[in-house]
Amino acid sequence: MEFLKKYLYPIVIGIAIIAALLVFSLNVPRSREANLVERSVLGALSPLLRPVSWAGGFAEDVWDSYIRLVDTRRENLRLREDIRSLNQRLREGNETFLANQRLERLLDMKKSVKAPTISATVIGEDVTSWFRTLVINRGSADGIREGMAVVSADGVVGQTVKVTASTSRVLLLTDHASGISATIQRSRARGVVKGKSEMLCTLEFATREEDVKVGDTVITSGIGGLFMKGLPIGEVTMVKRGEYGIFQSVSIRPAVNLPHLEEVLVVQRGGYE
Amino acid sequence: MSRRASLLLLCIVVISIVIQVALIPVFVRPSFKPDLLLVIMVFITLRGSLQVGAPIAWLLGLLDDVCSGLYLGLNAATFLISFIVIRSVSDRLYADSAMLFVLTVAGVTLAEFTLNLLLMVMFTSSPGLAYSMFSDIFPRLLVNAFIASVVSLFPGFDCQLETS
């Protein structure tokens, strides 16, 4: 008894450790199955776990959605501003790219024209719909005179009229008062291109016998000296030959998109003194 | 006409020209371009005196010619003729009426068309122009009448240009 009294505590500890190890060793083969103890404890706790878990989730939501998002509005505004700024830069980039393409084509035309030229930008249009004129930002101070040819990357635009020191008015080839000596590129048939309306011209004085077909390219003939030979004017869209009459009726669509013209070249040759 | 009214008129004319030359063509088809100077001219016709209005009408027409076509003096002549004709009957009309203003603008648009066509046929060589003018006159009439109706809504529309 004396022995037990003296060593009771270490013996109990030892037995407890051995029992614990025994429980452990007995459960090792079935470590993946819930035993009675586990089932009882989890079963008893589960009604409590669910609301506590929900409360925890709610608290987390509150934390994440409100307390941590104090700066979100500010950040949102900053990001929106960034997007606006980037969109603006994108638009500017696209515009520069398109302008670059147009100017490249204009430069090609400039190289092909065998005369000094000066580039100009369209700054205005005719105030009425009855006349077809444009206003460009170059005038007599830049060496422009009345009666000079105006071309764009696609072809003939018209000629200068009413030149001031800093601006010039361009009489478009579609104006009724305009007349340009022209040739059909394929058959070399000749005529005079006269303006008819907003986006249409006619080839006048082309006799019935001349070979003109729809789709033919019309170019300047060089006669008259205003426009150099070979500049594209447009394309034949309609040919009509009546039973009688000397001339045939030919409609032409201008090569240049006149309503959307932005940059032009003024050929500094000729002109009226 | 007072100095303030003159200055206001000058500002309105300059703004109208800038809008017509540089802004409207970008957004509006040629047939639907309004003639703002014509609307201003009609306003002056109905509100101003013969002595002041006649030279202003002529100058407005001249400005129209400077910004349009080849023939300087064409619209100046038609504006002046229109002014004199309307002025001769305006004393018998209720000139403050917005409806009258709209109708007068429409009438002057037609008169301008007729006179311009007549003068160009007589004095210039523009074959085929009549067809283009005829095809444009209806939208032009509608747009000018619309602008006139919008102008009639502006505050100060019923004010007189000159104080006696």
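Visitor: What makes α2(B) count as largely enclosed by the rest of the structure?

Guide: In this predicted model, 12 of the 12 residues of α2(B) are buried, so the helix is largely enclosed by the rest of the structure; buried means under 20% relative accessible area, exposed over 50% and partly exposed in between, with a 1.4 Å probe and protein chains only. Among these buried residues are Leu36(B), Phe43(B), Thr45(B) and Arg47(B).

Visitor: Which elements do the buried residues of α2(B) pack against?

Guide: They pack against α1 (3–27), α3 (50–66), α4 (74–90), α5 (98–123) and α6 (129–151) of chain B, where contact means heavy atoms within 4.5 Å. Chain B has 6 helices and 0 strands, helices being DSSP runs of H or I with at least four residues and strands runs of E with at least two, numbered from the N terminus.

Visitor: How do you know that the span of helix α2 of chain B agrees with its 12 residues?

Guide: The expected span is 1.5 Å times one less than the number of residues, so residues 36–47 should span 16 Å, and the end C-alpha atoms of the helix are 17 Å apart, which agrees.

Visitor: Why is Phe3(A) called exposed?

Guide: Phe3(A), in helix α1 (residues 2–27) of chain A, has 55% relative accessibility and therefore counts as exposed.

Visitor: Which conventions apply here?

Guide: Local features need pLDDT of at least 70 and side-chain atom pairs 80 or more, while totals for chains, interfaces and linings use all residues. Side-chain values use heavy atoms, without hydrogens and water, residues are numbered from 1 along each chain as its sequence is written, and chains are lettered from A and ligands numbered from 1 in the order in which they are written.
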